[in-house]
Amino acid sequence: MAGARAAAASSAGSSASSGTPQPQEPGLGELLEEFSRTQYRAKDCSGTGGSKVERIEKRCLELFGRDYCYSVIQNVNGDICGHYPQHIVFLEYESSEKEKDTFQSTVQVSKLQDLVNRSKTARCRGRFVCPVILFKGKHICRSATLAGWGELYGRTGYNYIFSGGADDAWADAEDVTEEDCVLRSDTHLFDKVRGYDIKLLRYLSVKYICDLMVENKKVKFGMNVTSSEKVDKAQRYADFTLLSIPYPGCEFFKEYKDRDYVAEGLIFNWKQDYVDAPLSIPDFLTCSLNIDWSQYQSWDLVQQTQNYLKLLLSIINSDDDSGLLVHCISGWDRTPLFISLLRLSLWADGLIHASLKPAEILYLTVAYDWFLFGHMLVDRLSKGEEIFFFCFNFLKHIISEEFSALKIQRRKSLPARDAGFTVEDICMLRRKDRGSTSSLGSDFSLVMEISPGAAGSFTYETVELVPAGAHTQAAWRKSHSSSPQSVFWNRPQPSEDRLPSHQALVEAKSSSSSSSNHSDNFFRLGSSPLEVPKPRLTALSERETRLQEVRSAFLAAYSSTVGLRAAAPSPSGAIGLLEQFVRGVGLRGTGSSTL
């Protein structure tokens, strides 16, 4: 597996030395064209060396290799999972360019491959726990939720219903045989299957599991087809820190598209019958965030996404060496949304992918986090469920220092103080005052409009509400939408089974510094994952500039390829602004842009 990386590098080197012209690197436009044309499936890419998909995947490997040494989990023809990359990257440590020739794997890749093969049946659609980001020696992973008995017992029928019979996630019959299903009890079967899943989590040193589902179990055709760690009856996942952070599924983003891509004021309806998973976060993870989590059902889409991202950033910035798993149901809508936001936010702080330019990190996250992990953009566009577009347009809402991992680290280094403003807080207030320097369905939604004009030509009738004491509170107004699915409200704006610990890697580097390059225990670490850039006075402004550049590049490429062709909002909305962008008008400013 690790040899695949060296072989690819050798091939590239021989081609260059022979004078053979290198094929032009695939650009974001080509990627989006392919993405909006068909859903990625690993088995469709075999034997097509010159295909667009293979070029896209090779480009991802090259971008990962700029800053990391990695091994590869082979998934050729989708043997492990039909909608995971053919070459799944396992990041091992950060490294400089000159150290890549001496790369030696720090993990037992064969053992990891075995755990993956055995654990895949534990999760929906065979989408096993997969590490995708390496930060401070910790793995940030993604997956689908746990498979329920309906999927385990009826996997053939389940795959036919949900994947047209084309999913070969159950190719390994050794782990769950028909004899298991017929002769053994449910408890024994789940002990075996989920036991492998737990072993993989522990091998990756994952401690925190964040579940984005809005229900405890996914029900389809009256059958529990999926489960989740939080409702495992045998409490097999009791040793992990479980977080239930319910987030609307992709169907809810049809409302986002219908409102001309305005997420402010768009609130999910938590009273729907199938929504039964409450928000549940251990107190020790929330005490430092200054967020009133009891109000989560009143948050609009912007505030909810911001607060969840702050939570995830706080978890991965904790002092322990534990990794993080993020999942929804299938792991290809809400999961890539937060994985992509995490990758871009940490990159903007200079903490990961340090050598990549804005266009390169944008390409990497679109290709790897979304396309190669099976997001069904074609289907989502046809239904107007624009969660993919929301992800990158949302970058304007996380440019401030409150989302910076550097700020979190600096706060931890400050001594404890009594209640009140710190000097840093006052400086940040001054900075803000002077401005910046640079998937589940929803039957209906509650939407708080910013202004009556935003609702178009709706008719309004007054609903009198008694203010709750504050003189700033005003009456709300209710409008009737042309769609029965929406109600609009208006108000004024408001061990060995684990990977080596990072400390062990650092100690190994020190102890092996005098060893021969041919020593079995010798491996060079470039820049240590524990090392982060020293805070600079301009760090936060650089963050804003970087994220604005990524967002602008995405909007330009998206409008010229995908073009939001499934939508037809008024010119005053996002489409009008995108058209202005294409004509070179007005989107190169700061974070005050209305889009």
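Tyr308 is buried, at a relative accessible area of 0%. Buried here means under 20% relative accessible area, exposed means over 50%, and partly exposed lies in between (1.4 Å probe, protein chains only). The model is predicted: local features need pLDDT of at least 70, side-chain atom pairs count only at pLDDT 80 or more, and totals for chains, interfaces and linings use all residues. Residues are numbered from 1 along each chain as its sequence is written, and side-chain values use heavy atoms, with hydrogens and water left out.

**Aromatic pairs**

The structure holds 33 aromatic pairs. Rings of Phe, Tyr and Trp (its six-membered ring) pair if their centres lie within 6.5 Å; planes under 30 degrees apart count as stacked, over 60 as edge-to-face and the rest as tilted. Two of these pairs are set out here.

| Pair | Centre to centre | Angle between planes | Type |
|---|---|---|---|
| Tyr247 and Tyr308 | 6.0 Å | 50° | tilted |
| Phe268 and Trp270 | 4.8 Å | 85° | edge-to-face |

Tyr247 and Tyr308 link distant parts of the chain, 61 residues apart. Tyr247 belongs to the loop between strand 8 and helix 9 (253–258), while Tyr308 belongs to helix 11 (residues 301–316). Helices (H or I, at least four residues) and strands (E, at least two) are DSSP runs, numbered from the N terminus. Tyr247 is buried too, with a relative accessible area of 0%.

The other pair is also covered. Phe268 is buried at 3% relative accessibility. Trp270 is buried at 8%.

**Charges over rings**

Two arginines sit over aromatic rings. Arg59 lies over the face of Tyr363, at 6.0 Å from the ring centre. Arg546 places its charged end over the ring of Trp347, 4.7 Å from the centre. The test asks for NZ of Lys or CZ of Arg within 6 Å of the ring centre and within 35 degrees of the ring normal.

In what order do the five strands of the open sheet run? The order is 3-4-10-5-8, with mixed pairing. Strand 3 (130–135) and strand 8 (241–244) stand at the edges; each has a single partner strand, so one side of each lacks a neighbour in the sheet. Neighbouring strands are turned by 20° against each other on average, direction ignored. Strands count as paired if DSSP finds at least two bridges between them. Strands of a sheet pair through backbone hydrogen bonds, either parallel or antiparallel.

Axes are lines fitted to C-alpha atoms, for helices over the stretch in contact, and angles run from 0 to 180 degrees between N-to-C directions.

Strand 5 pairs with strand 10 in the parallel sense over five bridges. Val206 stands opposite Gly323 in strand 10. Strand 5 also pairs with strand 8 in the parallel sense, over four bridges. In strand 8, Leu243 is the bridge partner of Cys210. Is strand 5 enclosed or open? Five of its six residues are buried, so strand 5 is largely enclosed by the rest of the structure.

**Asp211**

Asp211 lies in strand 5 (residues 206–211). Asp211 is buried, with a relative accessible area of 3%. Leaving aside neighbours within four places in sequence, its contacts (heavy atoms within 4.5 Å) include Ser228, Glu229, Lys230, Ile245 and His327. Asp211 and Ile245 are 34 residues apart in sequence and 5.9 Å apart in space, C-alpha to C-alpha.

**Asn75 and its strands**

Where is Asn75 placed? Asn75 is in the loop between strand 1 (68–74) and strand 2 (87–94). Asn75 is buried, at 0% relative accessibility. Its side chain reaches the backbone nitrogen of Asp79 at 3.3 Å. A polar contact is a pair of N or O atoms within 3.5 Å; within protein, one must be able to donate a hydrogen and the other to accept it, and residues adjacent in sequence count only if both atoms are side-chain atoms. Not counting residues up to four places away in sequence, Asn75 touches residues including Ala42, Tyr84 and Ile88.

Strand 1 and strand 2 pair in the antiparallel sense over seven bridges. Tyr70 stands opposite Leu91 in strand 2. Strand 2 is mostly covered, with seven of its eight residues buried.
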